[in-house]
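Please look over the sequence and the structure below before reading on.

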Amino acid sequence: MIKETLEAIQAQALKQISESDGLEKLNEVRVNFLGKKGELTAVLKSMKDVAPEDRPKVGQLVNETRAQIEEVLKNAQEKMERMAREAAMKSEVIDVTLPAKKNNVGHRHPNAIALEEIERVFIGMGYEVVEGPEVEYDYYNFEALNIPDGHPAKDEQDTFYVTKDILLRTQTSGCQVHEMEKGRLPIRMIAPGRVFRSDEVDATHSPSFHQVEGMVVDKDITFSDLKGTLAQFAKEMFGEDTKVKFRPHHFPFTEPSAEMDISCFKCGGKGCRFCKNEGWIEILGCGMVHPHVLEMSGIDPKEYTGFAFGVGLERIALLKYEIDDMRLLYENDIRFLKQF
Ligand code: DAH
């Protein structure tokens, strides 16, 4: 009688285990059949109705049933856990053959690349790189460069004034004065920096751009030194075959003054769209430092002479990288900058 009951319990338990669809359900089955208030415990409690001589036998039967249910439960649980692990591994699998995500790394600005090139050339010739203030006294930007009040050159440059005597520098040439005032001779320096002019923005103008100033002051410096130095600079920047041409010009702070052209590095001088069929491209202003400029900064022009030059950094960058609109240099469009 008890034997049949146990068999029925076992069959019922195994059926429920096989129908379980998860660990929670299995636990329910465990509690229902093996727990303190479970069906097997109920059978044990009914032992008092069993004849004493039969009790060991019945006890053994109950234990066997319990052991079997436990065994099946354990196997079912292990199986479910294994399946869960395998499913997780399948869903988390990494396909190492997929293309990697591209990191968006920063790029150097064409201005920065061009400046680094210019600095490399002049450092190679023994020049020092210095900097001057962007907010400047009228004296350094104009007066000490031989551009007194009322001078047309002062009106030509549309200056942003901060006060009557303080302005945003319109040129890096004031760095020449700062350098001379240090009283250390000889001077061999370049001074890169931002300059400001109240210009309208277009393909070739911006209210803020950059120049690189250059200056050499020593005994016996001649125009030949200027030519040799700038010809070498042009070769290193634009290629070994680059020729230079000096056209007379006027700057208040140099005498004589010139503008330097380079032979078009696109067509070699034959004339093309790039050089507007000229064969030559204007690249910088230069000249021998005006004796009056030396004198105003405390250098004796009878003992010392010098040359100076000023290059537009954007102009070099636009030429070198064949960019036809200056605005591209200021918009910081990542699609543009990515190319450099
Ligand atoms: N400061 C001049 C400009 O802004 C450029 C320049 C010309 C600088 C001749 C010089 C120089 O040092 O000698 O147009």
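In what follows, Ala, Val, Leu, Ile, Met, Phe, Trp, Tyr, Cys and Pro count as nonpolar, Asp, Glu, Lys and Arg count as charged, and the others, Gly among them, count as polar. By these classes, the shell around the ligand has five nonpolar, eight polar and two charged residues. The model is predicted, so local features need pLDDT of at least 70 and side-chain atom pairs count only at pLDDT 80 or more, while totals for chains, interfaces and linings use all residues. Residues are numbered from 1 along each chain as its sequence is written, and side-chain values use heavy atoms, with hydrogens and water left out.

**Domains**

- The protein chain is divided into domain 1 (2-91) and domain 2 (110-337), with bounds that come from an automatic or database domain assignment.
- Taken over C-alpha atoms, the centres of domain 1 and domain 2 are separated by 94 Å.
- Lys3 lies in helix H1 (residues 2-19), where helices (H or I, at least four residues) and strands (E, at least two) are DSSP runs numbered from the N terminus.
- The C-alpha atoms of Lys3 and His292, which are 289 residues apart along the chain, are separated by 126 Å.

**The ligand**

- Among the 15 residues around the ligand, the ones that come nearest are Gln171, Gln176, Arg197, Gln211 and Glu213, and a residue is near a molecule or strand if one of its heavy atoms lies within 4 Å of it.
- A polar contact is a pair of N or O atoms within 3.5 Å; within protein, one must be able to donate a hydrogen and the other to accept it, and residues adjacent in sequence count only if both atoms are side-chain atoms.
- An N or O atom in the side chain of Gln176 is 2.9 Å from an oxygen atom of the ligand, a polar side-chain atom of Gln211 lies 2.9 Å from an oxygen atom of the ligand, and a polar backbone atom of Phe309 is 3.3 Å from an oxygen atom of the ligand.
- The ligand taken alone exposes 350 Å², of which the protein buries 89%; accessible areas come from the Shrake-Rupley method with a 1.4 Å probe, and for residues only the protein chains shown count as cover.
- Strand E5 (208-218), strand E8 (280-289) and strand E9 (305-312) are the elements that give two or more residues to the shell around the ligand.

**Strand pairs**

- Two strands pair if DSSP finds at least two bridges between them, and strand E6 (residues 244-251) and strand E7 (residues 254-263) pair in the antiparallel sense over seven bridges.
- E6 and E7 form a hairpin with two residues between them, and Met260 in E7 is the bridge partner of Phe246.
- Strand E4 (residues 187-196) is mostly covered, since eight of its 10 residues are buried, where buried means under 20% relative accessible area, exposed over 50%, and partly exposed in between (1.4 Å probe, protein chains only).
- E4 and E5 pair in the antiparallel sense over 10 bridges, and Phe196 stands opposite Ser208 in E5.

**Single residues**

- Ser257 lies in strand E7 and is buried, with a relative accessible area of 7%, and its side chain reaches the backbone nitrogen of Phe251 at 3.2 Å.
- Pro256 also lies in strand E7, and the peptide bond from Glu255 to Pro256 is cis, with omega near -5°.
- Asp220 has a positive phi of about 60° although it is not a glycine, and at 69% relative accessibility Asp220 counts as exposed.
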